[in-house]
Amino acid sequence: MDAIIKNCLESMSGVIRGKDNEVRLALCCFLARGHLLIEDLPGMGKTAMALSFSRLLGLEYQRIQFTSDLLPADILGVSIFDQSASDFQFKPGPVFTGMLLADEVNRASPRTQSALLEAMEERQVTVDGEARMLPQPFIVIATQNPVFQEGTFALPESQQDRFLMQIHMGYPDTESEKAILKGEAGRLCLNSLEQAMTAEELLLLQEEVDKVSASDLLLDYILRLLKATRSEEHFEVGLSPRAGLALLQAAKAWARIDGRNYVVPEDVQAVFLPVARHRLITSKHGISPSELLARVNVMV
């Protein structure tokens, strides 16, 4: 399994140049059974990352372009009356897949955004009073544009909390951007990607992550981080117990990528910002959650 993880990271580095840490965080998120939120300006490689991972992980892939007129039925599916059977037949929507790309998720209305809540949390959807299980594994990668851009709806806190991590792509360095211009990276290289693992192997890796151990001292360290966010005056609310579970699971996945079956504080520090920053709201204007979390991480 270690060779599979290494192959996956190396293959991704050929498409998403200069973003090794972001690629590793994304893989860490998937191994922890989490969903990923990528926030950045258009054209930064968000969709290319989603496509690349779907091919490497051997997952069926569906993409939904979120717009203001998108309806929940466009995501979940709809029941259509079949005259030959004299009954309603359910036509599954694109959410019934292994990896779902919710592109520009914050351009849809809050009602449509909420259609993903049950799918992301329970791995099922309820239509016409009947619960229908989604395929396993099931991963959502959502992209969103900065809220200052026109035509966006801010994701509610409950929706953001369904994402294990939030990452930012950012501009590539000069060398990486030159490779993109020459066609040596980015979307033009997607066709050369080969599958690195099967869906079954991904499920096995997720089970291995569950078995990674964390000592009481490590748990105490996580608890101190949680408490620090709750006592920091510039946060309106601190991290919830569910955020603590997410932090622990992400740290376990980070340790597994390193080939270890135990968590160390450095694993927690590596995933702390992407796990926590989208779950917090600052009360002080001009200071981002990332800046305050970095301060908290140093103090604990």
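Colleague: In which helices is confidence lowest and highest?

Modeller: Confidence is lowest in helix α13 (residues 289–299), at a mean of 66, and highest in helix α11 (residues 241–257), at 96. The score is pLDDT (the predictor's confidence in each residue, from 0 to 100), and the elements are DSSP runs numbered from the N terminus (helices: H or I, at least four residues; strands: E, at least two). The protein averages a pLDDT of 85, and 91% of the residues score at least 70. Where pLDDT is low, the predicted coordinates should not be read in detail. This is a predicted model, in which local features need pLDDT of at least 70 and side-chain atom pairs count only at pLDDT 80 or more, while totals for chains, interfaces and linings use all residues. Residues are numbered from 1 along each chain as its sequence is written, and side-chain values use heavy atoms, with hydrogens and water left out.

Colleague: Why are β2 (61–65) and β9 (165–167) called edge strands?

Modeller: The open sheet has five strands in the order β2-β5-β8-β1-β9, with parallel pairing. β2 and β9 are its edge strands, as each pairs on one side only. On average, neighbouring strands of this sheet are turned by 15° against each other, direction ignored; axes are lines fitted to C-alpha atoms (for helices over the stretch in contact), with angles from 0 to 180 degrees between N-to-C directions. The pairing of β9 with β1 is parallel over three bridges, and L36 stands opposite M165 in β9. Helix α2 (residues 20–31) packs on the sheet, touching β1, β5, β8 and β9, and its direction makes about 165° with that of β9.

Colleague: How do you know that the span of helix α12 (residues 265–276) agrees with expectation?

Modeller: The expected span is 1.5 Å times one less than the number of residues. For the 12 residues of α12 this gives 16 Å, and its end C-alpha atoms are 16 Å apart, so the two values agree. Among the buried residues of α12 are V268, V271, F272 and V275.

Colleague: What makes the crossing of helix α10 (residues 216–231) and α12 right-handed?

Modeller: A crossing is right-handed if the near helix is turned clockwise from the far one by less than a right angle, and left-handed if anticlockwise. α10 passes α12 in the right-handed sense; their axes come within 10 Å and cross at roughly 30°. L218, Y221, I222, L225 and T229 in α10 meet P265, V268, Q269 and F272 in α12, where contact means heavy atoms within 4.5 Å.

Colleague: Why is L239 called buried?

Modeller: Its relative accessible area is 5%, which falls under the limit, so L239 counts as buried. L239 is in the loop between α10 and α11. Leaving aside neighbours within four places in sequence, L239 is in contact with L226, T229, R230, F272, A276, R279 and L280. The C-alpha atoms of L239 and L226, 13 residues apart along the chain, are separated by 5.7 Å.

Colleague: What backbone values stand out at R123, and is this residue buried or exposed?

Modeller: Most residues other than glycine have a negative phi, and most peptide bonds are trans. R123 has a positive phi of about 55° although it is not a glycine. R123 lies in the loop between α6 (117–122) and β6 and is buried, with a relative accessible area of 16%. E104, in the loop between β5 and α5 (110–113), also has a positive phi, near 55°. The peptide bond from Q136 to P137 is cis, with omega near 0°.

Technical notes:
Buried < 20%, exposed > 50% of the residue type's maximum accessible area, 1.4 Å probe, protein only. Pairing = 2+ DSSP bridges.
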